[in-house]
Amino acid sequence: MKTVIKDFNLVDLERGDIVTGQSMVVVDGQVREFTTAAVSGESFSLRGGFVLPGLIDAHVHLVWEGQSDPNRVMLSEPVTLTAYRAARSAQRNLAGGVTMVRDVGGPHGIPIALAKAIDGGIVPGCHVHAAGAPIAQTGGHVYTMAREADGPDEVRKAVREQIKAGARFIKLMGSGGAYTEGEAITHTQLTAEEIRVAVEEAAAAGRKVAVHALPPKAIQTCLEAGVYTIEHGALLSEENIATLKRTGAFMVPTLAPYYVMAMWGLETGVPDYAVAKSKQVMDHYLGSLKKAISSGINVAMGTDSGSPNLPHPTMPYEAWLWNQQAGIEPLAVLRAATQVSARALCREKEAGSLKPGMRADFGVYKTNPLEDVTALHLPRAVFKGGRKVAEAGVVWSVSLIKKGGKS
C-alpha cells in the first residue's frame with residue numbers, strides 16, 4: 001500500500017532544524033522517500049503540523065499503570081486482569097506519540113506475549129521490546145515480579161529461561177532501589193560473577209543485558225562485566241562516566257518516578273519508604289544527568305512509566321524534566337528520546353529516525369518541539385507504519401507541569 005504524506009514541517013534531528021516543502025512517500029509501512037516532486041497515490045495532508053519520529057521509551061513497566069502502589073495492585077489481582085492492563089498501557093503509549101517501548105520487567109510472560117499480540121495485529125499498541133521477568137537475587141529489588149536466582153549456575157539457568165520464553169534482552173537487578181521496602185539505594189545486589197555469567201549467556205544467544213543500578217559501585221561492577229545498558233544510574237561517578245565512554249555502554253536515566261514521588265508521593269498515597277528514598281535519589285540525580293550529557297556518553301531516555309503516580313505515557317513529562325529541571329537543550333532531549341533510545345534497543349535500523357527503509361512511525365505536533373518540548377504533550381495525530389492510529393489528544397502529565405515544583 002502506498003500513501004503520500006503532505007503539508008508538514010519535518011523536525012530534522014540530524015541537522016537540528018525544520019525541513020519544509022517535502023512529501024513523505026510511505027510504501028507498506030516504511031518510508032520510501034522524501035521528495036519535492038509530485039507523487040501519485042493516496043495522499044494525506046498534515047495541515048502544517050510538525051513531524052517527529054515516534055518517541056521510544058527505553059524503560060517502562062506495562063503491567064503497572066501508575067497507581068500510588070502499582071505493585072500491590074498487580075499482586076492482588078488475577079493474572080488475566082494484569083495482562084489487560086498491560087495491553088491498555090501499550091495503547092496509551094501509542095496514543096501519546098510513543099511508538100516503541102522497552103519493557104524492562106513483568107511477570108507471567110505478559111510483556112513478551114503482548115509484544116507478539118501487537119506485532120500479530122491481535123491488539124493495538126506501540127511496538128514492545130520485552131525482557132520478560134527481571135532476574136534478581138533472593139529478596140532483591142522488586143523480587144515480587146522477578147525470577148529470583150542465587151549463584152552463577154542458577155543465574156545462567158534463569159537467563160536461559162527468559163530467552164526460551166522469547167525475551168529480546170535480559171534484565172538484571174544490580175542494586176537496591178526506591179520502590180522496594182527493606183533495601184537501601186546504595187546496596188549492591190548480585191555478585192560480579194553472577195552478572196558476568198548473565199552477560200556471557202545472553203551474548204551466546206545474541207541478546208544484550210540491562211541492569212538496574214543506582215550507586216557507583218554497582219554501576220562499575222556491571223560495566224566491567226560487559227552489560228549494555230545501565231538503568232537509572234542515579235549516583236553516577238566520574239569513574240562510571242569514564243567506563244561508559246570507554247565501553248560505549250548506555251545510561252538510561254529515569255528522572256520522572258523519583259521526582260514525582262519525592263515531590264508529591266506522601267500526599268498521593270505512595271509508600272513512605274519509597275518517598276524517603278526518592279528524595280535521597282533526587283539529591284544527586286539532576287547532577288548525574290547533567291554530567292552524563294555533557295560528557296558525551298550514550299544517554300537514552302527512559303521513564304519507568306507505570307511506577308507510582310506515573311501513568312502511561314510518561315515520555316513527554318520526562319522530556320520536560322530533562323529540559324526544565326536539568327537544563328538540557330531541546331535538540332539533545334529529542335535525540336535521546338528517539339535516535340539514542342533506538343540504539344540502546346539495537347533497533348536503530350528500523351526506528352528512531354524517518355529515513356528511507358525505516359518504519360513510518362511518527363507523531364504530529366501543533367508547535368515546534370525544537371523550540372519547546374512541552375509540545376510533546378499535545379500530539380495532533382500519531383502514525384504507525386504510515387497509518388493514522390491516534391487523533392489529537394492531551395497527555396495526562398500536562399497537569400504536573402501546571403503544578404510546577406522544584407526538586
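Helices (H or I, at least four residues) and strands (E, at least two) are DSSP runs, numbered from the N terminus. Keep that in mind as we walk through this predicted model, in which local features need pLDDT of at least 70, side-chain atom pairs count only at pLDDT 80 or more, and totals for chains, interfaces and linings use all residues. Residues are numbered from 1 along each chain as its sequence is written, and side-chain values use heavy atoms, with hydrogens and water left out.

Let's start in strand β1 (residues 2–12), where we find Asp7. Its phi is near 60°, a positive value in a residue other than glycine. Asp7 is partly exposed, with a relative accessible area of 45%; here buried means under 20%, exposed over 50%, and partly exposed in between (1.4 Å probe, protein chains only).

Leu190 also has a positive phi, about 65°, although it is not a glycine. You can find Leu190 in the loop between β11 (170–173) and α5 (192–204), and it is buried, with a relative accessible area of 9%.

Next, look at the loop between β15 (298–299) and α11, the place of Pro313. The peptide bond from His312 to Pro313 is cis, with omega near -10°. In helix α11 (residues 315–324), nine of the ten residues are buried, so the helix is largely enclosed by the rest of the structure. Among those buried are Trp320 and Trp322.

Finally, how many disulfides does the structure hold? There are zero, a disulfide being a pair of cysteine sulfur atoms within 2.5 Å. The sulfur of Cys126 is 18 Å from the closest cysteine sulfur, in Cys346, which is too far for a bond. Cys222 is in no disulfide either, as its nearest cysteine sulfur, that of Cys346, is 17 Å away.
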